Structure formats: C-alpha cells, structure tokens
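Hi,

Here is the structure I said I would pass on. Have a look at it first, and then read on for what I found in it.

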Amino acid sequence: MNESLNTPILVGCGDVTDMTTLAEQGRSPYDLIAQAARLALADTGAAATAQVIDSVTMLRCFADTSHRFATKLGASTNPPKSVSDRLGLRPAQTLYTWNGGNMPQYMVNQYAERISRGDLRAALIFGGEALRTQYGVEKRALPVSWAEDPGGTPELVGDPRRGWSDTEDRHDMRAAISIYPLFENAIRGARGRTVAQHLQAMAGLMARFSRVAADNPLATRRDGYSAQRLATVDAENRWIGFPYPRLMNSNAFIDQAAALVITSVGQAQALGIPREKWIYLHGCADAHDHWYVSERINLHSSPAIRAASRQALQMAGLDLAQVDFLDLYSCFSSAVEIACQEIGLAEDDPRGLTVTGGLPYFGGPGNSYVVHSISAMMRRLRARPGAFGLVTANGNYVTKHAFGVYSTTPTRGAWRREDPGTLQHELDRLPTAPFTECPAGAATVESYTVMHDRDGPRYGLVVGRELATGQRFIANTPADQATLLRLRDEDSLGLRGRVSHRDGRNTFVPEFGRP
C-alpha cells in the first residue's frame with residue numbers, strides 16, 4: 001500500500017442532538033460541545049488519542065456571530081479553551097473561527113495540509129449551539145449564567161470580513177433569511193417558472209431532504225414532511241421571507257454539537273487506532289464568489305462552486321458518477337439548487353443529496369452544521385468500505401465554499417493540494433455587475449422578497465436595474481400592506497416602477513399592472 005505516514009486521515013467523530021434536557025438545567029454550549037468531543041475521541045478506539053491533540057478549533061457560536069442570536073446569559077472569554085478544559089486537554093494551539101458554514105470543511109482542509117507537512121500530530125474540530133436552551137432560559141428569566149474566564153486568548157482563523165456591504169446593510173439586506181429569498185426568486189426567473197410552479201419544485205426538493213431526516217435519530221424535525229405540506233402556507237408554516245414558508249428555513253433554535261478528530265496515518269498506527277476507523281481526504285478545495293451579493297453578475301449562479309467542486313474531484317481523481325454519497329449544504333433550497341446546477345447534479349439524483357436530512361430538518365447548528373455532515377459521512381463510508389462521499393459547505397450568502405471528498409480507500413503517495421490562492425485569483429478577476437448606490441428614475445425588478453413577522457408582511461426588498469443605464473441597485477419598497485401584499489402575491493419579477501434616493505436609502509415604488 002503506497003501511502004505516506006504523513007497522509008491525513010479522519011479517525012473520530014461524535015454527534016449530540018438534545019431535545020429533552022430541561023432549560024432549567026441551563027446547560028451551556030460548552031458542556032454540550034464537550035459531550036460531542038468526548039464521543040469523537042472515544043470513537044477513535046484509542047484511549048491515548050487525547051494526549052496527542054496539538055490543536056483544537058471551535059466553530060464560532062451564533063451568539064458571537066449575529067445580533068439575532070446574541071445571548072443575555074454571558075459567554076466564555078476563550079470558548080475553545082473552555083471546551084478543552086472540560087476534556088482535560090492542553091493543546092499548544094486553540095483556534096476560534098470567524099463565521100461561516102464553510103469553516104468546518106475549511107478547517108479539515110487546513111489541518112490536512114499541516115498534518116501532511118508533519119507540523120502537528122492530531123487536531124480536534126468541534127462546534128455546536130444551545131439555542132433551544134438559551135431561548136428557554138431567557139424567555140423565563142431563569143438565573144443561569146454562561147459567563148466564564150478560562151484564561152488566555154484564542155487565535156482567530158478564517159476571514160473576518162462581514163458578509164454584507166454598507167448599502168446592503170442600510171436596506172436590511174444582511175440576514176440569511178432575507179438574502180436567500182432573493183436567490184430563490186432569481187432562480188425562478190432563470191428557469192421561467194411561475195410562483196406556483198416554483199413553490200411546488202422547491203417543496204418537492206426539500207421533501208426529499210425531510211424524508212432522510214425522518215430516518216435519522218439525530219435529526220430535530222422527523223415528521224417526514226410531504227411536498228404538499230411544505231408548499232401549504234398556514235399558521236404553522238407561515239411566510240418568513242417570500243418565497244420561503246417557515247418549514248423551508250434552516251432550523252437554528254436547537255441544541256446540537258459535533259466533533260471530529262484528524263491525524264496522520266503514522267500517528268494512527270502508533271496509537272493503535274483500528275484501520276476500519278480511518279477516513280481519507282482524497283480531494284478538497286476552498287474558494288469564494290464575489291464577496292457582496294450586490295456585486296455578482298447574477299443571483300442564480302456560483303462560479304466558485306463550479307470551479308472548486310471540479311478542483312476537489314480532480315484532486316481525488318474522480319468524476320461525479322464515481323461518488324456514492326452526497327451532502328450538499330442546504331440552509332435554503334436555493335443553496336441546493338445553485339449547488340446542483342454548478343456541480344452538475346440533478347435535483348432528484350437517485351443517490352440523494354444529503355446524508356443527514358439537511359439544515360431545515362436535521363438541524364442548522366449555526367456555523368457547525370458541516371461538522372455533523374462530515375461525521376455522518378464518515379459513518380456511511382465506514383459501513384461501505386471503498387465508497388466515496390462528497391461534502392459541500394457554504395458560508396455567508398452562497399459566498400464562501402469548501403469541499404471534501406472522502407473514502408476508506410487509501411490515497412496514494414504524498415498528500416498534496418493545489419494552492420487555493422491560484423483558483424481564487426481567477427475567480428476574483430470575473431466581472432461584477434454595474435452598481436449604483438444612488439439610483440434614480442425608471443427601473444425594473446431583478447429579484448425581490450417580502451419579509452414577514454408573525455403579524456404579516458413587514459418590509460419589501462428589491463434588487464433592481466435602472467432602465468436607462470442597466471445599473472443594479474438595492475431598494476426597499478413602501479411599507480404599506482397593500483404594496484407588500486401585491487409584491488408577494490403577484491409575480492413581481494420584471495415589474496417596472498420608479499426608484500429614488502434620499503438620505504442614504506433607496507425606495508422603489510412599483511407600478512403594478514404595467515407591462
């Protein structure tokens with residue numbers, strides 16, 4: 001067997017989904033994540049694994065990522081050390097990531113490089129959320145504190161840039177629940193579907209994810225929703241950001257955690273980790289699209305997914321037909337649709353597009369979902385030696401992408417990957433859409449959404465084009481209910497109107513009924 005002792009392999013995985021522990025117990029995310037990490041270390045089958053962990057990475061908690069999830073309960077001053085202390089670990093390096101659902105796979109790729117160079121013996125990646133408990137504690141004002149100071153300062157890793165521009169920010173275009181609907185309506189327009197047709201297509205796609213979750217004991221929504229149920233808007237499945245009802249949104253208020261152990265072939269042999277535990281990273285890639293959504297040439301494609309997925313498969317020496325299992329990042333159906341389009345997958349591929357059930361049904365634990373999908377993929381591959389699995393990861397708004405191709409089959413020779421900067425340089429040179437911060441005059445809708453709360457429509461968001469110049473702009477619509485309901489209930493792609501700029505904000509006034 002022609003494999004280097006420095007070949008990187010994943011050797012341990014662990015997952016926790018807790019839907020029963022009472023909020024009164026106030027269990028912190030650090031306790032939950034430590035539980036998953038213990039399972040991952042035990043999964044290696046070697047008691048001494050913990051002693052060779054040189055580096056730990058914790059995925060950034062949502063409370064430290066978004067004001068929507070900020071907690072009143074306090075937090076650790078050094079989250080990865082809080083978890084490491086619970087495990088009795090003393091790693092030389094503690095890392096805390098910047099935000100992004102791409103970061104679990106990104107860190108596997110990073111650690112694989114370091115291990116292949118002989119720079120570290122083993123690493124532990126972990127993350128999770130306790131938003132179900134947090135919500136319950138805060139709602140009842142229970143006397144719970146998650147504040148702790150384990151000492152030290154974690155090293156930050158990843159890209160610190162926020163995912164939205166100042167112009168996007170001024171128009172409330174900064175949350176995933178408001179941006180992914182813009183992608184979805186743009187996809188509908190590119191595919192020439194009516195609102196009703198596309199709703200049925202989205203529901204059919206996500207119902208297949210839901211069926212996988214129904215058979216997964218770690219999933220949080222195991223109802224096995226039918227396409228008809230997902231497409232039926234009612235009090236239990238109300239609109240969030242049109243065209244997404246609630247059950248097509250990532251399910252974030254959950255208690256879930258997961259962890260992975262990565263090491264080298266030589267270290268695994270020295271520890272006595274059974275070979276049937278070993279999972280090889282055959283191919284990987286990292287890339288990002290133009291950083292701000294308003295810069296992109298259109299809202300229904302991803303050059304970075306197209307190029308990076310091919311790079312990962314090429315590194316693995318595979319074509320897509322040779323992949324047995326898939327897990328596509330699935331915060332919203334638009335993320336899946338774009339990934340399928342760019343990778344070259346049919347949305348009803350008989351292999352299935354998820355091994356977990358996806359973020360709306362398995363659960364969307366913040367930046368940590370892909371730790372779960374890699375963990376689930378490891379178990380699938382161990383159960384079917386020689387098979388290959390592809391995991392995709394997505395950060396921000398179809399912005400940051402990471403890919404991993406896995407198998408029990410050993411890689412050959414020294415493990416090497418192409419410098420991701422080479423591909424990124426090519427992607428950065430792609431054209432951007434012409435954009436104006438101060439639009440004026442006649443305009444048309446390129447994409448749109450209507451954001452809702454429990455009482456109904458709240459505001460309208462439009463990505464449009466000036467008719468005279470073709471320049472893209474971002475605007476809000478008037479917030480009266482009549483405008484918002486017509487924008488939602490009528491097909492408003494291509495709708496004409498007039499846009500104006502005042503005090504840093506743009507307003508698009510639709511002219512309903514005008515061809």
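Predicted model: local features only at pLDDT ≥ 70, side-chain atom pairs only at ≥ 80, totals over all residues.

The side chains of T21 and D18 make a polar contact of 2.4 Å. T21 belongs to the loop that runs between β1 (8–17) and α1 (29–43). Once you set aside its neighbours within four places in sequence, T21 is in contact with R27 and R132.

Next, the sheet. It is an open one, built from 10 strands with mixed pairing, and the order is β5-β3-β2-β4-β8-β1-β9-β12-β11-β10. Which strands stand at the edges? They are β5 (155–157) and β10 (325–327); each has a single partner strand, so one side of each is left without a neighbour in the sheet. Going from one strand to the next, the twist averages 25°.

β4 (residues 122–130) and β8 (residues 255–264) run antiparallel, with 9 bridges joining them. If you want a place to start, take A130, whose bridge partner in β8 is D255. β2 and β3, on the other hand, run parallel and are joined by 4 bridges. Here you can look for T57, which has L95 as its bridge partner in β3.

β3 itself (residues 93–97) is mostly covered, with 5 of its 5 residues buried. In a regular strand, side chains alternate between the two faces of the sheet. For β3, both faces are covered: Q93, L95 and T97 are buried on one side, and T94 and Y96 are buried on the other.

While you are there, look at D54 in strand β2 (residues 53–58). Is D54 buried or exposed? Its relative accessible area is 17%, and buried means under 20%, so D54 counts as buried. A polar atom of the D54 side chain lies 2.6 Å from the backbone nitrogen of R121. Neighbours within four places in sequence aside, D54 is in contact with P91, A92, Q93, L120, R121 and A122.

Why can we call β15 largely enclosed by the rest of the structure? Because 5 of the 5 residues of β15 are buried. Both of its faces are covered, with R472, I474 and N476 buried on one side and F473 and A475 buried on the other. The partner to look at is β14 (residues 456–466), which runs antiparallel to β15 and is joined to it by 5 bridges. G464, for instance, has F473 as its bridge partner in β15. β14 and β15 form a hairpin with 5 residues between them, and G470 in the turn has a positive phi of about 75°.

On to the rings. How many aromatic pairs does the structure hold? There are 14. One of the pairs is Y225 with Y361, a tilted pair at 6.1 Å centre to centre and with 55° between the planes. This pair links distant parts of the chain, as the two residues are 136 residues apart: Y225 is in the loop between α7 (195–214) and α8 (227–231), and Y361 is in the loop between α11 (333–343) and α12 (369–383). Both Y225 and Y361 are buried.

There is also an aromatic cluster, formed by Y180, F183, Y244, F332 and Y397. And if you like charges over rings, check R161: it lies over the face of W291, at 3.7 Å from the ring centre.

Last stop is D491, in the loop between α14 (481–489) and β16 (496–502). D491 is partly exposed, with a relative accessible area of 44%. The side chains of D491 and R188 are joined by a polar contact of 3.1 Å, and the D491 side chain also reaches the backbone nitrogen of L493 at 3.2 Å. Not counting residues up to four places away in sequence, D491 touches R188, R193, V195 and Y448.

Cheers

How values were computed:
Residues numbered from 1 in each chain as written. Heavy atoms only, no water. Polar contact = N/O pair within 3.5 Å; in protein donor to acceptor, adjacent residues only side chain to side chain. Contact = heavy atoms within 4.5 Å. Phe/Tyr/Trp six-rings, centres within 6.5 Å; stacked < 30°, edge-to-face > 60°. Buried < 20%, exposed > 50% of the residue type's maximum accessible area, 1.4 Å probe, protein only. Lys NZ or Arg CZ within 6 Å of the ring centre and 35° of its normal. Pairing = 2+ DSSP bridges. Axes fitted to C-alpha atoms, helices over the stretch in contact; angles between N-to-C directions.
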